[in-house]
Amino acid sequence: MSELKPIFNALWRSKTGALLLVVQIAVTLAIVSNAAFIIHDRVTFLNQDTGLKDENLFRFNLYTFGKNVDIGQQQEVDETLLRAIPGVADAVVINQVPLSGSGDSTSFHLKPTPEQSRGARASFFMADEHLLNTLDVKLEDGRNFTAADVVYSEGFEKSASVVLVTRSHLLDLFPEGDGLGKTIYLGDNPFQVIGIIAPMKGPWLDDEQADNVALIPQVMAAPFKRVLVRTEPGRRDEVMQQVEKLLLASESERVVSRITGVDKLVLEQTSQDRLMKNMLLVLITVLLLVTALGICGLALFNVGRRTRQIGTRRALGAKKSDIVRYFLLENTLVSLFGIVLGVGLALAMSDVLMRHYSLPSLDNWFILYSLAGIYLMGLVAVYWPAQRATQISPSIATRSV
Amino acid sequence: MFVHYIDLGWRSLKRTPVVSLLMLLAIAIGIGITMTSLSVYHMMSVNPMPHKNDQLFAVQLRTMDQGVDWWTPDDLPFQLTYQDAMNLRKSPVPFRQAAMLKTGFGVKPANPDISPFIETARAADSDFFAMYEVPFAYGAPWDKAVDLQGEAVAVIGAELNQKLFGGGNNIGKDIVLDSVSYRIIGILKAWKLEPQIYDLNNGAWGQNEQLFIPFSLLPIQELKSWGNNNGWKYEEQKTYQDKLNSEVLWLQYKVELADKQAQQDYRDYLAGYIKEQQQLGRFQRDDAEGDIKNIAQWLDYRQIVSDDNKILVGLSFMFLAVCLANILSLLLAKFLKRAPEIGVRRALGASKTQVFAQHLVEVGMLGLAGGALGLVIAQLGLYLLRSGFSRYEAVAQMDLAMWLAAPTISLLACLLAGCYPAWKVCRTTPALYLKTQ
């Protein structure tokens, strides 16, 4: 450790260069730790389990403009046609599509309006008894609805009387966990909870109540409907190509549009998060590279500048490993200052981000990981110049004096 | 002299090719990353009608009952109910005003070769076209009388005109929307208003409608909203009339106010309107009020530029700062190594200013070259954004301001970084170096 003092003195003599390196390391640490934390946050969000096998699902819109079409009857015909396509597992005409980024949600209550009572918001899917099978979601408790439960209507003039819900929604309404079989209300329409389904996401992934889902056995005959189809694995593309032709052959006064895989809808919905993740990844990679090059470049210059000094040290008996150690120690000293400053900067930055941009508070582990990473990177970056320094011949000391 | 400095700079850069290349790459990558995120930010935050910023206002009313909160910072919903829109339309204060709604139709072209398609449409009042300066190629908006009566007329965009008729003047022809015939009375020139300031509910880019019909057709054709419907209480809606009478918020309302006086008058008018409605039993809350926001305020309020974009811009400027610190230390090392040579130049009569200028020119060359290379990197970054994220197609672009900003930022940043090293080297004492030669 006796080398520390001369190293420090040498640094002090060219303090501008050392100071710049300290600042570089500090800012790099602040950026990398915060960015890595945001990336981790987004990756967790992007990799969450939706409860749905979206690669087997696709949807399309069906818009009937013909005024003479019996929409209710045509919907039944369409479903029969779709379910008969080879490769189709099941299909339903539905009010909204899970994971699509747009849809409807509403609050269910324990008592009918206008009485005040506990309520919980859920996204609701309305279709016939094929709904659960189309979603390919398991029933965890109770019973599925049957054809006899399904109500066919024009609008809200009639209402179904049973509902399937996710456990998360039921627990919001009945925190004791005894909700199965109880009655909940949409306005003043009663619904008996007949079953609990396995966890699945509604239309929005970033919704606070993304896990609250209700399935209602009701089919409304409206000009604008969505259709959700589940195919056997690997057969989705061939089915998607047949749909439009098949349905228009049955009734031409309508438009089939936006035939899209549900996995694609998820990608669209999460594009902002994926973009952020990718941009930050590029940013910190390049940043680390630039900082490493900076460290390396400066060390190279120092080697050049200190040629005679190093030669003299070698002539006086310093081993090659001593020379390498000198550079590694010098880098450690600079890194230490940079890291102390950087930790403070990282915390301050996280504070600003949290206050202005509603980001979660920085996990201190990320500072620790980034700190270790940057220090190691610095050592690697300085190693090559240090190796070059060992090539300096001791005879240099005798030559030019 | 300047040319001579450029020559000297070029020689100096060539003499240390590795360091020069490192510095060039550092500045280019810094500028490339910064310009990529800055361009997206710039395009997102652009005000498409700055000249009418203080004339076009969005109207909001806090209509919910006591105890019902909205998720906006000022507790005001974005949209209006039908009854409020109909009432506000009677106000004499605004110079122009328009209630509107995003809707849509199945279009069945007369030409049997074109299969039916879906077209989103905007139901709006006739003032809409003048308020947003929508250019007409043929025809004109419908009369004010139509705003009161409701008549099946339509204005179509250039693209739709091309698709249906192959272009040309088709005023007087019919377009069949959901089996109802509408007479075409106007055809627009190619027109784009982005971000789409008149309705930011369903995305701000690439959504300008190609089909416009009178707002007064709502009760006649029972037009559905293809945008957002926000309810805050349970209401039975068995018929379309139920929806028109409901408290559902589903319409956009914009006014054009000529000056400050008109703005004050309109605020007073809204306050009066709320009092009047409270007497009728609506707006049952203590802090019922209305507000108007101009274009810039509205864009900011609707958070068109997401937090993520702002964070990215901040981070990339910090990144640029690291690149500069990097360049600064490399320049310092490089210039100081050259001190003996400078000592000789100084002894031969070069002034401090000349030495300083010579080095700044060298740094400036580096800055310009780095800026140019940075532009290439930024273009690549934006290209990757456009191809990977369809949402960003409209905003992952560079306009003229950004093209100019890149070399400017690069040059300024480099000169800033070069000042200290150049100053340091020009203070070289000639005597010191002459001795050792």
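**Figure 1. The open four-stranded sheet of chain A.** In this predicted model, four strands of chain A form an open sheet in the order β2-β12-β1-β13, with antiparallel pairing. Strands and helices are DSSP runs numbered from the N terminus (helices: H or I, at least four residues; strands: E, at least two), and two strands pair if DSSP finds at least two bridges between them. The edges of the sheet are β2 (88-94) and β13 (254-261) of chain A, each of which pairs on one side only. From one strand to the next, the twist averages 20 degrees. Strand β1 (residues 57-64) of chain A is joined to β13(A) by six bridges in the antiparallel sense. Within this pairing, A:Tyr63 has A:Val255 of β13(A) as its bridge partner. Residues are numbered from 1 along each chain as its sequence is written, while chains are lettered from A and ligands numbered from 1 in the order in which they are written. Because the model is predicted, local features need pLDDT of at least 70 and side-chain atom pairs count only at pLDDT 80 or more, whereas totals for chains, interfaces and linings use all residues.

**Figure 2. Two helices that lie across the sheet of chain A.** Helix α3 (residues 71-84) of chain A lies across β1, β2 and β12 (224-231) of chain A, and runs at about 165 degrees to β2(A). Helix α7 (residues 262-269) of chain A lies across β1 and β13 of chain A, at about 75 degrees to β13(A). Axes are lines fitted to C-alpha atoms, for helices over the stretch in contact, and angles run from 0 to 180 degrees between N-to-C directions. Two residues are in contact if their C-beta atoms, placed from the backbone, lie within 7 Å.

Figure 3. Strand β5 (residues 139-142) of chain A runs antiparallel to strand β9 (residues 189-197) of chain A, and three bridges join them. Here A:Gly142 has A:Gly195 of β9(A) as its bridge partner. Strand β7 (residues 162-166) of chain A pairs with β9(A) in the parallel sense over five bridges, and A:Thr166 is bridged to A:Ile197. Strand β8 (residues 183-186) of chain A is antiparallel to β9(A), with four bridges between them. A:Tyr185 stands opposite A:Pro190 in β9(A). The hairpin of β8(A) and β9(A) has two residues between the strands, and in this hairpin A:Gly187 takes a positive phi near 65 degrees.

**Figure 4. The side of chain A that touches chain B.** Here 41 residues of chain A are in contact with 40 residues of chain B. On the side of chain A, the elements that give two or more residues are α2 (15-46), β13, α8 (271-305) and α10 (320-357). The largest share, 16 residues, comes from α8(A).

Figure 5. The 20 residues of helix α9 (residues 260-279) of chain B should span 28 Å at 1.5 Å a residue, and the end C-alpha atoms are 29 Å apart, which agrees. The expected span of a helix is 1.5 Å times one less than its number of residues. In α9(B), the residues B:Tyr266, B:Leu270 and B:Ile274 are buried. Seen down the axis of α9(B), the buried residues fall within an arc of 80 degrees, so they line one face of the helix; the arc is that of the directions from the helix axis to the C-beta atoms. These buried residues pack against β9 (252-256) and β10 (290-294) of chain B. The face turned away from the buried side carries exposed residues, including B:Gln261, B:Asp268, B:Lys275 and B:Gln279. A residue is buried if 20 or more other C-beta atoms lie within 10 Å of its own, exposed if 12 or fewer, and partly exposed in between, with C-beta atoms placed from the backbone. After α9(B) comes B:Gly281, whose phi is positive, near 100 degrees.

**Figure 6. The setting of the close-up views in the two chains.** Chain A has 12 helices and 13 strands, and chain B has 15 helices and 10 strands. Along its principal axes, the C-alpha trace of chain A spans about 105 × 50 × 35 Å, and that of chain B about 100 × 60 × 35 Å. Of the 401 residues of chain A, 39% count as buried; in chain B, buried residues make up 43% of the 437 residues.
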